[in-house]
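Biologist: Please take a close look at one part for me, the surroundings of the ligand. What holds it, and how?

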Amino acid sequence: MSGAEPQATPLLSIRGLRVDFATDAGSVPAVRGVDLDIGISETVALVGESGCGKSVTAMSVMRLLTGRISAGSIRFGNTELQSLSEPEMRRIRGAQIGMVFQEPMTSLNPVLTIGKQIEEVLTLHQRLTSSAARAHAVELLKRVGIPSAERRASQYPHELSGGMKQRVMIAMAISCRPKLLIADEPTTALDVTIQAQIMDLLGSLQQELGMAVLLITHDLGVVAHFAERVAVMYAGKIVEQGAVRDIFKRAAHPYTRALLAALPDPLRTAARLEAIPGRVPLPRMLPAGCAFCARCKHVFEPCPGVLPELFPIAPGHSAACFLHDPRRAPSNVPCQ
Amino acid sequence: MIELLALLFGLATLAATAWCPPRLTRVLGSLLFALMVGVVSRFAFGVHVALLAAALAAVLALRFFPPLVLRRVVFLVPALVLLIFSTTLLMYRAPGNPFANERATSPQVEAALRAQYGVPKNASAFFGIYMRRLLVEGTLGPSIKVQGRTVEELIAPAFPVSVALGLLALILSVVIGLTLGIFAGLKKNSLADHVSMALALFGVSLPSFVLGAGAMIVFSLWLGWLPVAGWGSLRHLVMPAFALALPNAAIIARLARSGMIEVMQQDFVRTARAKGLPESWVIARHAMRGTLIPVVSFLGPAAAAIMTGSFVVEVLFAVPGMGQWFVKGAINRDYSVVLGTAIVYFGMIILFNLLVDLAYSWLDPRVRSSDA
Ligand SMILES: Nc1ncnc2c1ncn2[C@@H]1O[C@H](COP(=O)(O)OP(=O)(O)O)[C@@H](O)[C@H]1O
Ligand SMILES: [Mg+2]
């Protein structure tokens, strides 16, 4: 796979996405102009700390936001999702775009058997009869690695472990062979050992079904073996984008570097080297310039006042940091 | 003093039933269930049928009853005995006695009457006589004030009347409450929401007898649409049923509203939407059960409230139900009548709670598996 270059006609193409939530305390800009492409069968990771706007971006694609999209376009294949009617959008949700959520514990309905919850997607989108849907649901449960699938299908979510529940969620999301799977922090709520299993499962399903995957995570460590491209998000904006090698070997944005530095290094004994000091600023209290200013080691004169655009670094690799602005960067660029 | 000790002992037994191990619950529950079936069918069909029915009931209960039901039964029988005992004590503590009336009764006459009706001066002795009657003779005893009639003869015609009124009130409160509450919950902060919650507040703050009296004035006296009181036609049923239903409907509406609002924010509702299900399907299949759970668990207390409310409402609307007998019995110190009606009310509340338990475990599989 070529990796670095986005394909000519992407499967999903987000342009200038802005989401503002109207709250009692005023307007909250959760997503502030996101551009993101995902090619057919491509795996893209959207990375950033909690509160950066990753979930809001994903929910915008599904059109399941509690608020409204204020600007931008979301094209899926050749259709602009925002111009679809609600029934048309429903034919895409669950059928063409599947979604897996962060909390397997609460994302399944506690009063319906897991079999029923998978079957209803199949009867809805593929018009299967209930017995055919049942058989298919059991097949899916087997495919996602649930032992004694027939018996499990008639159990309720509370009878399954967290990892099993997430497998059920995955079975449900892929049941109609979607072109795109959005996995929003699929392993965050799980034990470390289970996390690897779930990521392996997602990887093998991606290969088998040839679907594109948007993996949302706050953990860069998950990304390395899984994604082809990485988009790093900070305070509602993409701050760096590139092939997985670019990000891990030549990270350009101080935020990406800080995320990498916070990863546990298997060669060193210390589990965590340095957590990034400070927190993601609240969307209501963003500075006029770069939102990472307050936590950045390299702040210089344009940073607080001017919003950096994405500056190209290499083909397919760009970063929104003035360190990489050929006109502004100081001579002693503290890269790498 | 000894009575107080007995009361404490009864309460302790009752509490102990909660820790009864599963196997003991099964055996004890089946035996006690057989006893109840025997006593009740004896009233209706005589001793031989009763023995047969009891044996059958024991076997059935032992083999097929869910643990939930048996646990209720094990609680039920000691609770019933305790109810009879404490009611007896209370009646004896109340001033007056069944034989006190305007004309002074001579001690000899009173003693003769007490012997005839089985009402000794001592509460514990009365309790013994009453339990013997219930279990050995199979009767609720003679009424003291209604000459020559047994309590079961008095209650028999009144029972269906009260059941009809109570059931109608319950159905009305569920239908009205759920409709208002679900609608309000789905359209939070809309005009419909505010209107239905205002109605609910109105319903909660007015007790049944005030509502009943108000309705009587408006619909019977001013508008002349409905008969003021009495019994016999559906039109007679309307006002008492609504008066009983509205306070409960109001509570159900609030429960359903908050239940619906809470459920609609759950993650699994988001999952259902992400599957592409239409909103009506999301509500009916995914949100409804969660909304019903708090409502169903309120139905036990609601049934109790409707029954106690019916004492007053039946008297207000001159409905010839059991409430009438309960009130008359209490005023006349007609001990057997009070005890008889109390037992029947108790039985109905228990039965209803059992149905609620079963509905609850059907609605929520987590409950089901936790008591297997
Ligand atoms: N419904 C909402 N109303 C108001 N603010 C919201 C809402 N949903 C998300 N936000 C805000 O948007 C920001 C981004 O949230 P989110 O996308 O969930 O972050 P994450 O990157 O952790 O997934 C957060 O600051 C959050 O508080
Ligand atoms: Mg999130």
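**The shell around ligand 1**

Modeller: Two elements of chain A, β1 (12-23) and α1 (54-62), each supply at least two residues of the shell around ligand 1. Helices (H or I, at least four residues) and strands (E, at least two) are DSSP runs, numbered from the N terminus. The model is predicted: local features need pLDDT of at least 70, side-chain atom pairs pLDDT 80 or more, while totals for chains, interfaces and linings use all residues. Residues count from 1 along each chain as written, chains are lettered from A and ligands numbered from 1 in written order, and side-chain values use heavy atoms, without hydrogens and water.

The largest share of the shell comes from α1(A), with three residues. In total, 13 residues surround ligand 1, each with a heavy atom within 4 Å of the ligand. Gly51(A), Gly53(A), Lys54(A), Ser55(A) and Val56(A) are the closest. By type, the shell holds five nonpolar, six polar and two charged residues; Gly counts as polar here.

Now the contacts to oxygen atoms of ligand 1. Gly51(A) brings a backbone N or O atom to 2.6 Å from one. For Gly53(A), the distance from a backbone N or O atom is 3.0 Å. Ser55(A) uses its side chain instead: an N or O atom there is 2.7 Å from a ligand oxygen. The protein covers 68% of the 560 Å² of accessible area (Shrake-Rupley, 1.4 Å probe) that ligand 1 has on its own.

Last, some helix packing in chain B. Helices α4(B) (67-93) and α14(B) (335-363) pack at about 155°, with axes 10 Å apart. That makes α4(B) roughly antiparallel to α14(B), as angles over 145 degrees count. Helices α7(B) (151-186) and α12(B) (279-316) pack at about 140°, their axes 9 Å apart. This pair is therefore oblique.

Terms used
A polar contact is a pair of N or O atoms within 3.5 Å; within protein, one must be able to donate a hydrogen and the other to accept it, and residues adjacent in sequence count only if both atoms are side-chain atoms. Axes are lines fitted to C-alpha atoms, for helices over the stretch in contact, and angles run from 0 to 180 degrees between N-to-C directions. Angles under 35 degrees count as roughly parallel, over 145 as roughly antiparallel, 65 to 115 as roughly perpendicular and the rest as oblique.
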